[in-house]
Amino acid sequence: MTTNPQIPNAEVLLSRLEQKLTPLIQPQTAIIGIHSGGAWIAERLLPLLQQAHPDCSLVFGTLDSSFYRDDYHQRGLHTETRPSQISFDVENRHIILLDDVFYTGRTIRAAMNELFDYGRPASITLAVLVDRGGRELPICPQVAAIQLELPFEQKLQLSRDDNNLLHFSLEANA
Amino acid sequence: MHNPQLTKEGKLQHLLTTEGLPRAILNQILDTAESFVGVAEREVKKVPLLRGKTVCNIFFENSTRTRTTFEIAAKRLSADVITLNVSTSSQSKGETILDTVNNLTAMHADMFVVRHAESGAAHFIARHVAPHIHVINAGDGRHAHPTQGLLDVFTIRRYKPDMHNLRVAIIGDVLHSRVARSEIHALTTLGVPEVRVIAPKTLLPQHVEKLGVQVYHDMNEGLKDVDVVMMLRLQNERMNGALLPSAQEYFKCYGLTPEKLALAKPDAIVMHPGPMNRGVEIDSVVADGGQSVILPQVTYGIAVRMAVMSILAGNSE
Amino acid sequence: MNIHIKQGRLVDPKHNIDAIQDVFVSEGKIAGTGHAPDGFVADQVIDATGLVVCPGLVDVAVRLREPGNEYKASLKSELRAAVAGGVTSLACQPDTDPVLDESGLVEMLKHRTKQQQLSNVYPLGALTLQLAGKQITEMNELTDAGCVGFTQSDNSITDTQVLWRAMQYAATFGFTVWLRPQEPYLARDGVAHDGEVATRLGLKTIPVAAETLALATILHIASETGAKVHICRLSSAEGVAMVKEAKQKGLEVTCDVSANHLHLTEHDIGFFDTNCHLRPPLRTQRDRDALRQALLNGTIDLVCSNHSPVDEDAKLMPFGEAEAGATGLELLLPLTLKWANELNIPLLDALTRITIAPATTLGIAQGHLGLNASADICIFDPQQYWKIEPANLLSQGKNTPFSGMELAGKVRYTLVNGQVVYSS
């Protein structure tokens, strides 16, 4: 298999993201991944970040923002809706919100809306593997492992293999 | 024959009955309901899915419980909710069902939740509403009560996830029960290998075995080794007459007591769609006992109804 | 007025004729077949090449709805529908408002139907006052006014002694009693056969036993009292077997089936199709097959339309609340032909069941084209398919389970008393 030079290596980006996030961890930090790519990233980063800060006890959650999306009336409810799992009190937490690819900003808007239905966090930091540009809302990630310009027709899709390793692939945008 | 509750693309347009619903749609409803169970446990129990939509509960037959759970479900989805008890208003003035439905359509309702004493009423309404409107059957005569059937199946799945390895017994007035019919269709579609009905012959439809169930008349045989015991409500007016001699005799033969429950598997769960007649179909010791999941049923009822409403509303063009 | 019907295929079951023969009509009567009578000069010639010429159909079960239910149908609309269906004589039901239970009402009805100059109407009178099953009617007065028999329509007599007396009284004078066998308690509130479909759909049921129990009672009383009985709208295989046995025992009993029940079963209800809400209820395929065979072997003597026009609003309701009944006058011919085609029955034998057999049962002179018979004639194209649609029906009742279907057999001309009253 030849590697398309345009497709970033997700594992490389993951360690870059880890390096960028490590200094940001505080005692009250919670890591929340957006279903499904962000959740995989959060799962991988959690033990690493915890190791770097043995004094902080990090908590972990996942979000599925399907119920908050603004394109629900065009797309309907996704058939694979998963429950959000946030088993800790969001109130006054410093939240690191993780997603794989940052694009229009609408997913993040929906995720933040949902998050606020759980309580009032002290802060939210958005961290992504790829910031591909094209935002439609005044939202942008504080931390991105890489910035890329991608044509509209293309979609960067994250997948996870049997060894828990992450890969990006390019797909046509539906 | 085209299934009137599906769109041409095979998506759910109305929820009228669990009969003939593809397994994939049943699972989609149950999976989505899982997500809504999480929503109910949060500080803010609302999601904005149906914001700006109007859900209209039209109850041609009164039912406080069902109506309330649908209201809560719709409100948790941020919909505007109107409730009409038609039994007490327009029907007595000679307005037909269609008049009522057309009036509400003109008020730009998006979804109708309908209950009616006549079998087939929800199908009838679904056939005559404007194409953008979704109809949910909240009980029609003896025919169907799909959200109740689904919430019962949801409850079973939560406690007994392996549906392919289950024995379920449904006890009581199957003849008049829309709940039983909806449960039976949902369970058989989801692959439950053995569904039993236990009742005297007076409370069973003539060809109940055609629904894919095994028929028992004796609790001691029928309850043997079952995983799920579903009790049905016995309406007061059926207790004395030609169907049954008395509530006492019914309880003696078909009431669920700890002794009879002991015949089921030790980890069997006990269910009831409510409202219960304690001492008629179920002993309080059992209803409030460790194997009872009757209250979780009520909780899950809201999640299942939220799931149905959000899937339907999402299937609009 | 002389009419020459040319080159048609004359089918006259009574006289066992099925041949290409001309028919000559003069002064309202059949003046001859085959060869023109001496000196016959036609005022009108009807070219019937490729068409069937047969006696006008006789339908023993029609609801005209007038008086009292003109919003469902009127004499005018339904008699126009009758001739459009080739029906030139019909027996109408007494369950109007008021009920046909006194001679004045019958005279009025006869008078008003004559004025229409369409089909001949033969009323069946009420067997009991108000059809209430308590007091018997003045059967002699009613007969003199024009009634050809007595019936309870769909209202069963619950008091068996009243039934016994009514049949005794009718037997005294040789009147025929027309009864639809249905035990009222077992059928109470029922709207569908007590089978798989009603179990699935949660519909209230009418078991077969409701028919057989009532049938046993009626046949028993008929045998005891010597009353002439016509069994109306048989619906079950068990019922067929009982009638067969009674006939074998020599009981003077005749029997009919509705055209709907020759073709439909409980499964046609589908998802609560109110067009299939009929009385008696549609039963199983086994029952339907038994009815089809019984009509062939003579256990069932004749087919009727059971024409029951219902207004649109009365059908726009949930199944159980919707009114029972379907329009039928215009479908009697095509549905009978469909039965015959499916069972490979010759046309002559098929037409027997809607011409001479019902005429004989009613005791009227029509139903054949013998010399000097009343020139009531139906001319139809047996090959022409037409779509059953509300817009194509003249009856004010537009509901039928066959809506949307294409059926073969289209009436082209109908003559009553030697007058062309319908042509298409």
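This is a predicted model: local features need pLDDT of at least 70, side-chain atom pairs count only at pLDDT 80 or more; totals for chains, interfaces and linings use all residues.

Reader: What confidence does the predictor give chain C and the complex?

Author: Chain C averages a pLDDT of 97, and 100% of its residues score at least 70. That score is the predictor's confidence in each residue, from 0 to 100. The complex gets an ipTM of 0.92 and a pTM of 0.89.

Reader: Which of the two touching pairs of chains has the most contacts?

Author: Chains B and C. Their contact takes 24 residues from chain B and 19 from chain C. On the chain C side, helix 5 (residues 196–201) gives the most, with four residues. Helices here are DSSP runs (H or I, at least four residues), strands are runs of E (at least two), and both are numbered from the N terminus.

Reader: How many residues make the contact between chain B and chain A, and which element of chain B gives the most?

Author: 17 residues of chain B meet 15 residues of chain A. Helix 1 of chain B gives the most to that side, with six residues.

Reader: Why is B:Leu203 called buried?

Author: Buried means 20 or more other C-beta atoms within 10 Å of the residue's own; exposed means 12 or fewer, partly exposed in between, with C-beta atoms placed from the backbone. B:Leu203 has 25 within 10 Å, so it is buried. Its place is in the loop between strand 6 (194–198) and strand 7 (214–216) of chain B. B:Leu203 touches B:Gly172, B:Asp173, B:Val174, B:Leu175 and B:Leu243, leaving aside residues up to four places away in sequence. B:Val174 is 29 residues away in sequence, yet 5.9 Å away in space, C-alpha to C-alpha.

Reader: How do you know that the span of helix 4 of chain C agrees with its length?

Author: The expected span is 1.5 Å times one less than the number of residues. Helix 4 (residues 160–173) of chain C has 14 residues, so it should span 20 Å; its end C-alpha atoms are 21 Å apart, which agrees.

Reader: Which residues of helix 4 of chain C are buried, and what puts them on the same side?

Author: The buried residues of helix 4 of chain C are C:Leu163, C:Ala166, C:Met167, C:Ala170 and C:Ala171. They cover an arc of only 135° around the axis, so they lie on the same side of helix 4 of chain C. The arc is taken from the directions from the helix axis to the C-beta atoms. An α-helix has 3.6 residues a turn, so residues three or four places apart point the same way. The face turned away from the buried side of helix 4 of chain C carries the exposed residues C:Gln161 and C:Phe173.

Reader: What covers the buried residues of helix 4 of chain C?

Author: The cover includes helix 3 (139–145), strand 12 (150–151), strand 13 (176–179) and helix 6 (208–225) of chain C.

Reader: What follows helix 6 of chain C?

Author: C:Gly226, whose phi is positive, near 75°.

Notes
Residues are numbered from 1 along each chain as its sequence is written. Chains are lettered from A and ligands numbered from 1 in the order in which they are written. Two residues are in contact if their C-beta atoms, placed from the backbone, lie within 7 Å.
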